[in-house]
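Please look through the model below before reading on.

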Amino acid sequence: MNPQNPLIVQSNSALLLEVNNPLFTEARNAVSQFAHLDKSPEYIHTYSITPLSLWNAASLGLSASEVEARLERFSKYPVPRNVVDDIKELMGRYGQLVLESADGGLVLRGSDRNTLSQLCKHPSVKPLVGQWVDENSIAVPAQYRGLIKQVLISLGYPAHDRAGYVDGDPLNIALRDTTQTGQSFNVREYQRQSAESFIGNALSPGGSGVVVLPCGAGKTVVGIYSMSLLKRRTLILVTNVTAARQWKREILDKTDLCEDDIGEYSGEAKEIKPVTIATYQILTYRKSKQGPFLHYDIFNCENWGLIIYDEVHLLPAPVFKFTADIQARRRLGLTATLVREDGHENDVFTLIGPKKFDVPWKDLERQGWIAAAKCIEVRVDLPQAEKMQYLSLTPRQQIRLAYENVSKLAVAREIVENHQGDNILIIGQYISQLELFAKELNAPIITGATPNKRRDELYKGFRDGEIKVLILSKVGNFAIDLPDANVAIQISGSFGSRQEEAQRLGRILRPKKRGEQALFYSIVTRESKELDFAMNRQLFLTEQGYSYDIRYAEDI
């Protein structure tokens, strides 16, 4: 306790952190490992300590006493005892229940017989367990390995899964020292740490978990390095065909595998190879809403030793169900943010695995591994006629009108003209709006309806410098490799989506050949719901140390 400290710990487990305090950065780094950022206005940031944030911290080896010590270290006032007691209670639950292999099946062991006994009587748990094995262990059918973990975490008791994994079929794979393009290739230290944290060791077994790294920091390399360590047949799940082909190019460029070793499983091809790259769309395809998932068998058609989930924050709900059935396979999730707008964070933690590694975006920026970026929010007015109409509309209509504000076009045109010679991406939500921008700015456009061949041509034209301005729908949110893009202009988005904000900034974060700063513009309608959404969208990035420079249309 020290009045000069930046942190106030409140009895409802909220943390208030002063931004302008000299210890702000150190305190933020300390608490962000066990608390979740809720709000980040100019002077006071608010964090909350949640069960999931504490369980993730516990899975990384952080103890309740270390959490308490960090709070004491940075707090202005005495830390409320109820907060300390809650931290001990919740973190103490992680590891109370352990799922282990035994005699060809599974057992659920509990450090406290009474707790385990009461949980096994719960209506949701009872159908998933069998006979008692001994005083503190009960049998669990192997097919319920994922489901029982989901049920237990919903009851507030996360199970530590130590049941191990099948090895899968071997695959001889080694990394190159020099890429196919003739460049020297070395795995960066943080990439090495990420993969090795996932793989684990004798003292801390791994095999399932999530690695969190910024866009442009080389998450694909983490996956490839993990493959080279395990040397097993691998199934890679990706967001779309463009991402699948990028993964294939990266694997061929950085390993000794050849074309025949890598298959694409998508709407355009159905290849099963030692390394198979499948899209989420094909996995979740079915002919009717109640029909079977026609491509579910891909999870079991080969003896996979590793399954990689790219952009795990976007994992569709049906894939969680599939994943619950394959808990004996090693599972690696890759993402720039664990934020999910659908509330499925518990499922990521339970079925893919706990967070194994992350690193602050600004740390990688300082080290030169991602580009320095500046975020600029440009606020524009609605035209006078539409401003009067706005008040008479339903909330959904108001949102659409604000996002498609025609005044944004003039601002975007000015930004483009101010950045002559730069490589500019314009990203938005509404196709009609994007088509208008494409026409007025004489720029090519890529949407979900654009054939993959045409997409590849346009992406190549942008990479080669033949196209300087490229307009993208939501397909531009993720998995496009455009390393020279250094300006992004966001004209509309998916309401208050923090994950989307992070992904879009990520399009311009790959290091630049000339080392120039990347610029991320968001054009937002004043006095509208869009402005409220914009403040929520920025939460994740402000947690990473970014700030938004507010400007107005006349400034541009």
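This is a predicted model: local features need pLDDT of at least 70, side-chain atom pairs count only at pLDDT 80 or more; totals for chains, interfaces and linings use all residues.

1. Residues are numbered from 1 along each chain as its sequence is written, and side-chain values use heavy atoms, with hydrogens and water left out.

2. The sheet. Five strands make an open sheet with mixed pairing, in the order β7-β8-β6-β5-β9. Strands here are DSSP runs of E, at least two residues long; helices are runs of H or I, at least four long; both are numbered from the N terminus. Two strands pair if DSSP finds at least two bridges between them. The edges are β7 (132–134) and β9 (159–161); each has a single partner strand, so one side of each lacks a neighbour in the sheet. On average, neighbouring strands of this sheet are turned by 35° against each other, direction ignored.

3. Strands β5 and β9. Strand β5 (residues 97–102) runs parallel to β9, and three bridges join them. L99 stands opposite D161 in β9.

4. Helix α5. Which strands does helix α5 lie across? Helix α5 (residues 113–120) lies across β5, β6 (105–110), β7 and β8 (137–140), and runs at about 170° to β7. Such angles run from 0 to 180 degrees between N-to-C directions, with axes fitted to C-alpha atoms, for helices over the stretch in contact. Contact means heavy atoms within 4.5 Å.

5. Helix α6. Seven of the ten residues of α6 (residues 145–154) are buried. Buried means under 20% relative accessible area, exposed over 50%, and partly exposed in between, using a 1.4 Å probe and protein chains only. The buried residues are R145, G146, I148, K149, V151, L152 and I153. Just after α6, G156 has a positive phi of about 90°.

6. Helix α17. In α17 (residues 431–441), the buried residues are Q433, L434, F437, A438 and L441. Viewed down the axis of α17, these residues fall within an arc of 140°, so they line one face of the helix. The arc is taken from the directions from the helix axis to the C-beta atoms. Their cover includes α15 (395–403), α16 (407–418), β18 (424–427), β19 (445–446) and β20 (469–472). N442 follows α17 with a positive phi, near 55°.

7. E264. Is E264 buried or exposed? E264 counts as buried, because its relative accessibility is 13%. E264 lies in strand β12 (residues 262–265). Its side chain makes a polar contact with the side chain of S266 at 2.6 Å. A polar contact is a pair of N or O atoms within 3.5 Å; within protein, one must be able to donate a hydrogen and the other to accept it, and residues adjacent in sequence count only if both atoms are side-chain atoms. Leaving out residues up to four places away in sequence, E264 touches V241, R245, A269, K270, E271 and I277.

8. Positive phi in loops. S13 has a phi near 70°, a positive value in a residue other than glycine. S13 sits in the loop between β1 (7–9) and β2 (14–18), and is buried at 12% relative accessible area. K231 is not a glycine either, yet has a positive phi of about 55°. K231 is in the loop between α8 (219–230) and β11 (234–238), and is partly exposed at 35%.
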